[in-house]
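Subject: Structure handover

Hello,

Please find below the structure I said I would pass on. My notes come after it.

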Amino acid sequence: MEYYYKQPKYYSSFHCIGGECPVSCCDGWNVDWYDAEVEKLKKANMSDELRNKVEKSFVFMEERKSWLVKMSRDNRCPFHNRETGLCLIQKELGAEYLGDICTNYPRIFYLIDNYIFRSISSSCPAVFDLIVNNKNAVTLENIPVRNAKQILKKTRVRIDTKEHRECVPYLRFRLMITEFILEILHGNRSLDISIILAAMAAKKISDVAESNANEIPKIINTYRTQLTQASTSRAVDSIEPNLRLKFIIVNNLMVKYLEDLEADVNISVLHDGENVILANYERGKEEFDKVFAGREWAMRNIAENMFLDVFYHLNLTKGTFFEMFAYFTACVAAVQVFARAIGFVSKNIESDFIMAISHLNRKMSHSKETADKLVLELKDLGLTTPAHLALIIK
């Protein structure tokens with residue numbers, strides 16, 4: 001069987017910026033190592049100082065069947081040198097002695113039939129430099145894979161098991177759905193209209209998946225035809241935005257679940273209680289848009305990459321596809337609000353925005369607990385249809 005990488009175009013250009021990273025992945029993460037990885041590390045010839053740290057820093061977690069790196073008092077990996085920003089293990093022994101997660105993060109690997117899907121999490125700030133400076137950065141491409149068996153043997157890839165697909169039928173068409181949603185998001189419409197149109201398709205895919213998942217390809221082809229009709233976009237564009245309601249919902253979601261203060265950006269500059277300070281909101285948008293003038297597609301690329309994060313990295317597969325898409329929509333709406341707040345208060349809008357969204361994405365695409373709570377909150381608020389999602393994205 002011939003294998004292919006399916007990946008965004010920016011993937012091959014990515015490289016870790018190491019000690020120069022302003023949002024280090026060695027800061028604040030709980031990282032798993034597996035038995036073979038820890039055993040290999042402990043057998044290595046190393047300095048007494050490093051060995052002492054190795055012996056003290058791994059704790060076996062029975063419920064996870066893996067070793068957890070015990071964080072230091074300042075919530076950092078004990079092997080992370082604060083002054084240089086580099087890893088002590090890699091510096092002394094080489095990258096081959098790192099655990100799989102340390103080696104591959106923020107890359108995502110997923111095996112689907114004869115495709116190895118690869119993308120990079122938006123929680124890494126180095127990703128943003130690629131996707132906000134190249135209009136087609138998130139366009140998917142297929143690249144033949146040489147020595148696929150060897151690569152699959154060495155690399156830990158996620159996979160939708162047969163049992164998993166039986167429980168969540170739409171996963172049988174994961175790649176087809178991915179390409180279709182990105183096709184909608186990457187269209188020549190505004191981002192909010194694109195997301196609402198994609199939400200309509202997501203709802204139909206979910207409804208069909210519950211009764212007969214084999215109809216999903218047919219539904220996608222039907223919607224692809226409908227979405228090319230100008231009347232469809234005009235109908236969605238006619239929806240009147242309710243900025244106050246949007247802000248109340250997004251603000252509450254961020255404060256309760258996404259922790260906006262974690263990124264040193266307080267969105268209270270945009271509101272007074274439940275009321276939007278419209279002048280600040282519009283000023284923030286104006287200043288933000290100035291910085292990204294000529295790159296209006298940058299936010300679209302960010303949204304597309306966030307969709308890949310949620311659909312592959314976070315993998316909200318216990319609910320319906322529409323619930324997953326509703327979560328994604330709420331996350332994009334949160335990013336939009338952040339952009340306004342940063343545009344209003346910042347003197348270095350682009351760099352501060354990248355920093356803030358990288359932090360925010362740690363909650364969005366890595367915390368299953370946060371995602372589950374947010375999905376329940378969306379249900380409690382009655383945001384259960386594409387029309388409802390229009391209220392938080394438009």
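The notes below cover strands, cysteines, salt bridges and one lysine.

This is a predicted model, in which local features need pLDDT of at least 70 and side-chain atom pairs count only at pLDDT 80 or more, while totals for chains, interfaces and linings use all residues. Residues are numbered from 1 along each chain as its sequence is written, and side-chain values use heavy atoms, with hydrogens and water left out.

Strands

Strand β1 covers residues 4-8. Of its 5 residues, 4 are buried. The terms for exposure are these: buried means under 20% relative accessible area, exposed means over 50%, and partly exposed lies in between (1.4 Å probe, protein chains only).

Two strands pair if DSSP finds at least two bridges between them. β1 pairs with strand β6 (residues 115-120) in the parallel sense, over 3 bridges. Within this pairing, Y4 has Y115 as its bridge partner in β6. β1 also pairs with strand β7 (residues 140-144), in the antiparallel sense and over 5 bridges. There, the bridge partner of Q7 is E141.

Cysteines

A disulfide is a covalent bond between the sulfur atoms of two cysteines. The cut-off used is a pair of cysteine sulfur atoms within 2.5 Å. How many disulfides does the structure hold? The count is 0. For C16, the nearest cysteine sulfur belongs to C25 and is 6.0 Å away, and C16 is in no disulfide. C16 is exposed, at a relative accessible area of 56%. C124 is buried, with a value of 10%.

Salt bridges

The structure holds 15 salt bridges. A salt bridge is counted when a side-chain nitrogen of Lys or Arg is within 4 Å of a carboxyl oxygen of Asp or Glu. Some of them are described here.

E39 and K43 form a salt bridge, 3.1 Å from N to O. Both residues are in helix α1 (residues 35-43), and because they are 4 residues apart, about one helical turn separates them. E39 is partly exposed, with a relative accessible area of 44%, whereas K43 is exposed at 65%.

D372 and K368 also meet in a salt bridge, at 2.8 Å from N to O. They lie in helix α17 (residues 368-380), 4 residues apart, which is about one turn of the helix. D372 is partly exposed at 35% relative accessible area, and K368 is partly exposed at 30%.

Which parts of the chain does the salt bridge between E183 and R224 link? The closest N and O atoms of this pair are 3.0 Å apart. The pair links distant parts of the chain, with E183 in helix α8 (residues 174-185) and R224 in helix α10, 41 residues apart. E183 is partly exposed, with a relative accessible area of 39%. R224 is partly exposed as well, at 28%.

There is also a network of salt bridges that links R283, E286, E287 and K290.

One lysine

K218 is in helix α10, which covers residues 216-227. Is K218 buried or exposed? With a relative accessible area of 53%, K218 is exposed. From K218 to R362 is 144 residues in sequence and 36 Å in space, C-alpha to C-alpha.

Regards

Key
Helix = DSSP H or I, 4+ residues; strand = E, 2+ residues; numbered from the N terminus.
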